[in-house]
Amino acid sequence: MARAMETGNHAAGYALAVAGEANRDARGCACGAYPITPQSEIIEFLRGFDFTKGRVIPVESEHSAMAVCIGASLAGARAFTASSANGLAYMVENIFAAGFYRLPIVLIAVNRTLGPPWNIWVDQGDSLMLRDAALLQFYAESHQDLVDTILVAFRVGEDQRVLLPALVALDGFVTSHTQMVVDLPERELVDRYLPHCNIPHRLRGEHPATIGGLTWPRETEHHRVEIQEAMERVPQVLAEALDEFEHVFGRRPHGALSAEHTDDADTVLMACNTMVRTLRNVVTARRDKGERIGMINSKMFRPFPRQELLAAVSNAKRIGVLDRNHSPGSGGIFWQEVAATLQSRPDVIVQDYLVGLGGGDVTPEVIDEIIDDLNAREKAGEPVWKEVAA
Amino acid sequence: MIELTIYGRGGQGGVTLAKLIATAHFLRGKHGQAFGVYAAERSGAPLQAYVRIDDNEITNHNQVYEPDHVIVLDRTLINPQILTGLKPDGWIILNSPDGPDAFAEQFSGWHVATVDATTIAVSNGLGTRAVPIVNTTVLGAAARVFDMSLEDVEAALVEVKFGGPNIKSAREAYERVQVKRLKGRLAAAPSAPPKEPVAGILDDVVGAMPRIKTGSWATRQPERQTLTPPCNHGCPAGNDVRGFVEAVGEEDYDRAMTILLETSPLPGVCGRVCPAPCMEACNRRLFDEPVNVRELERYAADHGQRPDPVKPWRKERMAVVGSGPAGLSAAYHLARLGYPATMFEGSAELGGVLRTGIPTYRLPRDVLGEEISYVLQHGVDVQSGRFIDRADLLKLSHEYAAVFVGTGLQDSRNLNISGSATDLMEQGIDFLDRVRQGQVRLDGEHVIVVGGGNTAVDAARSAKRIGAGSVRIVYRRTRAEMPAIKEEVDEGLEEGVTLHELVMPLRLDRDGLGPLLTCQRMRLGEPDESGRPRPIPDTSEDAQFDLRCNRVILALGQTSNLAILPEGSEIRKDGTLLGLSGAPIFAGGDFATAEGTVTAAIGSGRSGAWHIHRTLTGEDLFPPPSEPVAEPDVITMHLFNHAPRENSVMLPAADRRHTFKEVRLGLADGPDRHPAVAEAGRCFSCGVCNDCDQCLNYCPEGIVLRDGEGYRFDYGYCKGCGICSSQCPRGVIYMSEL
């Protein structure tokens with residue numbers, strides 16, 4: 001392993017590049033590239049990488065960047081790109097297309113607040129707007145988790161039982177632009193970990209075919225069911241991918257959902273991305289004082305790990321969800337998932353906290369206040385705006 | 001865990017410094033974290049960067065609120081606010097030319113380290129004094145404080161791929177940093193001001209963003225200036241060239257005429273015969289071709305109405321001797337100042353050299369007549385056919401309140417040519433006057449004109465028109481050095497005149513076949529005092545040759561005849577003659593300056609009038625020193641489109657050879673063509689705002705405002721980005737450092 005001080009963006013760029021390179025003896029790799037703050041350094045890194053069999057193709061928009069990935073993937077290449085905020089919004093149509101085409105493209109989302117008004121800091125509203133695409137979604141908590149999860153995302157998405165695109169999100173600036181110590185996986189190990197990309201329905205000159213033409217309702221229903229079934233196979237595929245990762249690299253990345261200290265906890269907090277690490281420090285400190293408190297790192301948003309969640313909170317009385325996002329007219333998006341999952345558990349208080357929107361710095365003090373609020377609750381209420389920058 | 005806050009400005013490398021410090025520790029096996037608070041991705045904006053160092057994995061991703069130490073990269077950011085949250089034993093590391101004691105009061109009780117990183121960095125070529133890149137230098141200073149060795153510093157610089165000057169600079173800083181614990185009670189940060197309530201998105205103007213005061217963000221701000229357009233600067237008559245061109249562009253020819261008549265009574269004349277130094281100065285020459293100012297002036301004169309002349313209202317009477325361009329200008333400007341003026345002219349008709357020296361195919365009589373008539377309508381009296389000699393001048397100086405002498409150049413330069421046929425030589429200026437009076441035909445004659453100025457070209461082209469069989473101009477330098485107006489030379493060549501460069505006549509003899517001009521071939525040597533290459537005789541064998549001819553016309557320039565002036569007097573530089581008995585006598589035009597152009601004579605006549613007025617009344621009309629000239633580098637040329645110059649319609653060369661009809665017919669309007677407006681539209685309006693709105697349209701903050709009083713900047717919301725300045729096509733907006 002090469003230990004280095006790198007920004008999150010360069011670490012992500014490295015992971016994409018070595019994953020693409022691992023397909024050099026098959027049908028190569030391709031990246032449709034369009035820069036946007038705070039994602040740009042990923043594209044810069046990829047443009048500077050000397051691919052044996054692969055190209056970074058600069059285009060005029062995010063929509064076209066994903067179109068390039070779709071074309072490359074349909075030709076059998078390992079395809080990937082990255083974007084943020086309004087760039088992701090512009091890409092949306094083709095992200096849906098990639099999912100419905102069943103193309104295992106990896107998309108890095110450097111989370112940034114959607115504008116206007118313009119704001120470049122972290123907020124998960126951009127990637128979570130893709131909630132209903134046929135797209136796996138992972139949220140990385142650290143540089144190391146980011147690098148490892150990108151490799152896992154390729155392996156799971158390309159698995160013949162899944163064949164779906166995968167999104168890996170990181171915090172804009174907090175992760176993307178921060179220099180941290182990270183172990184960059186060596187290329188030989190990545191070559192071992194990632195099988196050649198196999199797109200079974202790729203276009204072949206010897207068998208001309210149309211993909212994505214007009215279908216009747218009956219066929220559409222069938223395709224949606226197929227996608228749902230593929231999603232349902234993800235936990236098994238992911239578990240195998242993590243086992244293999246540990247086997248090759250000697251460490252195990254977080255799974256879809258990590259429960260920490262929940263066995264004896266009355267109060268459980270849930271978060272993802274770097275907020276998890278702040279939360280972990282707060283929970284550790286409180287447990288050192290004897291509190292029965294636990295936490296959940298909800299790393300995977302799609303498919304949402306309902307079974308893992310139910311198992312993790314079997315002894316909990318109160319669950320607080322930290323949502324760095326806001327669905328206007330409803331509330332936090334993770335909270336909606338948790339509330340829907342726990343409909344069978346009316347005894348549990350599920351309370352939403354909207355926190356750190358627009359890049360507000362979620363400090364341990366803020367999380368302490370949230371926990372105090374949660375512990376004092378007899379029943380759940382409407383989502384609470386916890387404005388950290390007020 | 002050690003936490004560190006770096007205060008700097010965008011472009012100084014604060015985030016990279018954070019990375020270097022973290023890297024130096026990482027290379028020693030520690031965990032490091034380095035990041036900046038990003039907002040304005042813009043040079044000069046204040047920013048903070050943070051570093052964390054620990055033995056274990058760092059899981060804190062928040063900003064640093066209670067740093068162990070602070071570093072300030074920019075002198076302008078040193079203020080008590082940097083003490084916010086700083087731990088009491090922490091270091092304050094300052095980029096400052098002053099030592100720690102300079103901060104005895106501000107940072108009393110604190111550990112302070114100073115280093116003049118800006119000077120060290122700039123001396124090692126890292127950035128400029130305006131934008132020094134000080135990060136690698138400050139790293140050296142920080143190393144001393146953070147117990148890092150020079151080896152650690154160099155290893156980090158190498159790891160982050162910084163080269164020699166950075167390492168040298170860091171080493172110098174390491175050696176030169178001054179450290180001290182200041183005496184006194186620990187100074188405290190001022191308490192943070194209470195936060196203002198946040199504006200709603202619908203507040204202010206509907207749909208507008210909540211506005212943010214830019215505060216210390218801006219390090220510079222736009223200012224407006226008016227520069228002198230190079231055309232105006234280059235016009236010897238002092239015309240507001242840019243102003244009248246703008247009026248032509250707006251099809252307001254009356255206004256164009258009013259602007260021109262402010263300074264010159266002869267726009268119709270200048271629009272035809274001026275050598276147009278304005279066009280030589282025109283910045284557009286560096287883009288495609290200069291604006292065709294001469295034709296635009298003619299167009300304005302041909303199409304604009306003159307304002308009603310004013311009549312004299314003062315009692316002091318003025319005498320003007322000479323009615324050439326200087327005299328006409330002096331009389332005109334004196335009359336406009338209210339003085340009744342009398343013009344004395346030796347010839348029967350007014351106009352001086354404009355009438356006798358410029359052929360009518362260049363300057364039709366009616367154009368000249370109309371402009372002279374306009375001068376006279378200002379209540380100017382004329383005494384023509386009255387030659388003023390020295391005694392007369394002294395007399396006038398007693399009869400009038402002031403006398404202006406503008407008698408031009410009366411004596412022609414001669415050439416020392418020997419030989420038996422020198423009777424065939426004639427002065428060009430005399431020849432032109434005889435041609436004008438219809439006294440001469442040259443049917444079939446072979447004519448040689450000697451010289452390179454306008455008189456030479458005029459004589460040659462006139463000779464062609466009165467039947468000469470051949471006309472040759474011989475000139476001792478090359479065409480490039482000819483003082484004549486370039487277009488006139490072109491037109492002469494079109495009409496069949498030939499030019500013999502690098503030729504100097506020596507003798508004019510006769511042999512059995514007739515007259516014979518012996519010439520010497522020349523070559524160009526080193527520049528002489530006029531800046532032009534000096535012609536020197538070619539020494540090769542066949543350097544002398546003969547040219548057959550019937551007539552030689554000399555056009556070598558003229559000199560003024562100072563015999564009219566009182567004995568012992570001299571012309572002073574400012575054109576005044578003082579110390580005489582009686583009224584003051586002022587001299588102007590070619591008589592005084594020998595500038596040799598109509599436009600210079602006009603300008604000289606006007607300043608003569610102003611001198612007289614100032615002497616009589618004490619009122620000074622001379623403008624204060626003008627603003628600097630708008631040099632080409634202030635013009636944002638890429639904002640303009642290339643456009644070919646509009647040119648005058650010409651009488652065909654074949655038609656010109658036998659008539660004195662005007663050759664240039666001016667910019668001709670067609671059904672769908674308005675070349676004068678198009679040509680005026682080519683003007684850059686150098687250094688003068690013409691309300692193009694480019695600044696207003698491009699300001700990303702919408703802080704350029706325009707109302708009835710023009711443009712202004714709402715500095716409260718200006719971030720100093722400079723886009724207005726870089727988008728100003730004409731150098732009106734510049735950025736001043738705050």
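Predicted model: local features only at pLDDT ≥ 70, side-chain atom pairs only at ≥ 80, totals over all residues.
**Chain A as a whole**

Chain A contains twelve helices and 15 strands, and of its 390 residues 55% count as buried. Among the contacts in chain A with a separation of 6 or more, 81% are accounted for by residues 24 or more positions apart.

**The seven-stranded sheet**

Chain A holds an open sheet of seven strands with mixed pairing, in which the strand order is β3-β2-β4-β5-β7-β6-β12. The edges are taken by β3 (54-58) and β12 (300-302) of chain A, each of which has a single partner strand, so one side of each is left without a neighbour in the sheet. On average, and with direction ignored, neighbouring strands of this sheet are turned by 20° against each other.

Strand β11 (residues 293-297) of chain A is mostly covered, since five of its five residues are buried. In a regular strand the side chains alternate between the two faces of the sheet. In β11(A) both faces are covered, with A:Ile293, A:Met295 and A:Asn297 buried on one side and A:Gly294 and A:Ile296 buried on the other.

Two strands of chain A are joined to β11(A): β9 (residues 258-260) by three bridges in the antiparallel sense, and β10 (residues 267-271) by five bridges in the parallel sense. The bridge partner of A:Ala259 in β11(A) is A:Ile296, while that of A:Thr267 is A:Ile293. Together with α9(A), the strands β10(A) and β11(A) make a right-handed β-α-β unit.

| Strands | Sense | Bridges |
|---|---|---|
| β9(A) and β11(A) | antiparallel | three bridges |
| β10(A) and β11(A) | parallel | five bridges |
| β8(A) and β2(B) | antiparallel | two bridges |

**The contact between the chains**

Across the interface, 17 residues of chain A are in contact with 18 residues of chain B. On the side of chain A that touches chain B, β8 (179-184) and α9 (275-288) each supply at least two residues, and α9(A) gives the most, with four residues. By class, this side of chain A has seven nonpolar, seven polar and three charged residues.

Strand pairing also crosses from one chain to the other, as β8(A) and strand β2 (residues 31-36) of chain B pair in the antiparallel sense over two bridges. Here A:Gln179 stands opposite B:Ala34 in β2(B).

**Helix α16 of chain B**

In helix α16 (residues 428-436) of chain B, the buried residues are B:Gly428, B:Ile429, B:Phe431, B:Leu432 and B:Val435. Viewed down the axis of α16(B), these buried residues fall within an arc of 160°, so they line one face of the helix. The spacing can be read against a general rule: an α-helix has 3.6 residues a turn, so residues three or four places apart point the same way. Just after α16(B), B:Gly438 takes a positive phi of about 70°.

Technical notes: Residues numbered from 1 in each chain as written. Chains lettered and ligands numbered in written order. Buried ≥ 20, exposed ≤ 12 C-beta atoms within 10 Å, placed from the backbone. Arc of directions from axis to C-beta. Contact = placed C-beta atoms within 7 Å. Nonpolar A, V, L, I, M, F, W, Y, C, P; charged D, E, K, R; others polar. Pairing = 2+ DSSP bridges. Axes fitted to C-alpha atoms, helices over the stretch in contact; angles between N-to-C directions. Right-handed = clockwise from strand over helix to strand, strands pointing away.
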